[in-house]
Amino acid sequence: MTVPWRGPVLVTGTDTEVGKTVVTAAIAAAAQAAGLRVAVVKPGQTGTASGEPGDVDAVNRLAAPLTGRTLASFPDPLAPLAAARVAELEPLELHTAVDAVREEAEKHDLVLVEGAGGLLVPMGLRPSGEPWTVADLAVSLGSPAVVVARAGLGTLNHTALTLEALERRAVPAGVVIGAWPAEPELVHWANLTELVPNLLGALPAGAGSMDPGVFRRSAPGWLTPALHGVLDDWRAWAEEIS
């Protein structure tokens, strides 16, 4: 029997724009439907110069977690460390992020920590002046990681590289497809077959545009029990989708 993940859980991706925020919201919604107290922490938000809502705002709209926090925001749409340097702002320190997540873990059953871009994107600086990544954050927290991946061409290599980097750091990990197309092609089905051994869920394309009430009711069906969902048979899922 799969034990549902609790405590701090990192949500990272194979790249940028793969659906991390919507997947974070789906996990939050499924966990809350299962009765858990959920917090969402975004260590570094970039691209905020336009005044548009950040990722935590999007999660709040879709899933309404008990707590949502952004630790540092920077105006330029760059990696957080680069964005801090360009804006001449203080970069986020690793221990500050670790302490913030642990603080929320004391008050919540599940703390989803959404990264920025991929696993090894520079997030900030250590006291030594060396950059740190979300991989370093996962190691410091002793947390597992959800890797959000694309459904289409190129995803197998990117996903394998990310999983290998996590395995080398002894970070348990699984994969969620961020946007499964409404009309999947051969490449999507072939990729699904390869990913199933590590797969923890798959969200339909456009899930982030759903009505929040529909999103929250639907989320458990997109995720396996490890992520507090009810999806337990990929063959049945595939037959229903097709």
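## Around helix α2 and an annotated site

The buried residues of α2 pack against α1 (20–33), β2 (38–46), β3 (67–74) and α8 (212–218). This is a predicted model, where local features need pLDDT of at least 70 and side-chain atom pairs count only at pLDDT 80 or more, while totals for chains, interfaces and linings use all residues. Residues are numbered from 1 along each chain as its sequence is written, and side-chain values use heavy atoms, with hydrogens and water left out. Helices (H or I, at least four residues) and strands (E, at least two) are DSSP runs, numbered from the N terminus.

**Helix α2**

- Val-56, Val-59, Leu-62 and Ala-63 are the buried ones in α2; buried means under 20% relative accessible area, exposed over 50%, and partly exposed in between (1.4 Å probe, protein chains only).
- Those residues span an arc of only 130° around the axis, so they sit on the same side of α2; the arc is taken from the directions from the helix axis to the C-beta atoms.
- Just past α2 comes Ala-64, with a positive phi of about 50°.

**The annotated site**

- An unreviewed UniProt entry marks Thr-21, Asp-55 and Glu-114 as "binding site"; such positions follow the numbering used here, feature names are shortened, and annotations may be inferred rather than shown by experiment.
- They're spread over 94 residues of sequence, yet they cluster in space, with a largest C-alpha distance of 8.7 Å.
- Thr-21, Asp-55 and Glu-114 are also part of the lining of the largest pocket. On a 1 Å grid over the protein atoms alone, a cavity is a set of points where a 1.4 Å probe fits but cannot get out, whereas a pocket is an open set with protein on both sides within 12 Å along at least five of seven lines; lining residues have an atom within 4 Å of a point.

- Asp-55 belongs to helix α2 (residues 55–63), and its side chain makes a polar contact of 3.4 Å with that of Thr-21.
- A polar contact is a pair of N or O atoms within 3.5 Å; within protein, one must be able to donate a hydrogen and the other to accept it, and residues adjacent in sequence count only if both atoms are side-chain atoms.
- Glu-114 lies in strand β5 (residues 110–118) and counts as buried because its relative accessibility is 2%.
- Setting aside residues up to four places away in sequence, Asp-55 touches Thr-21, Lys-42, Gln-45 and Glu-114, where contact means heavy atoms within 4.5 Å.
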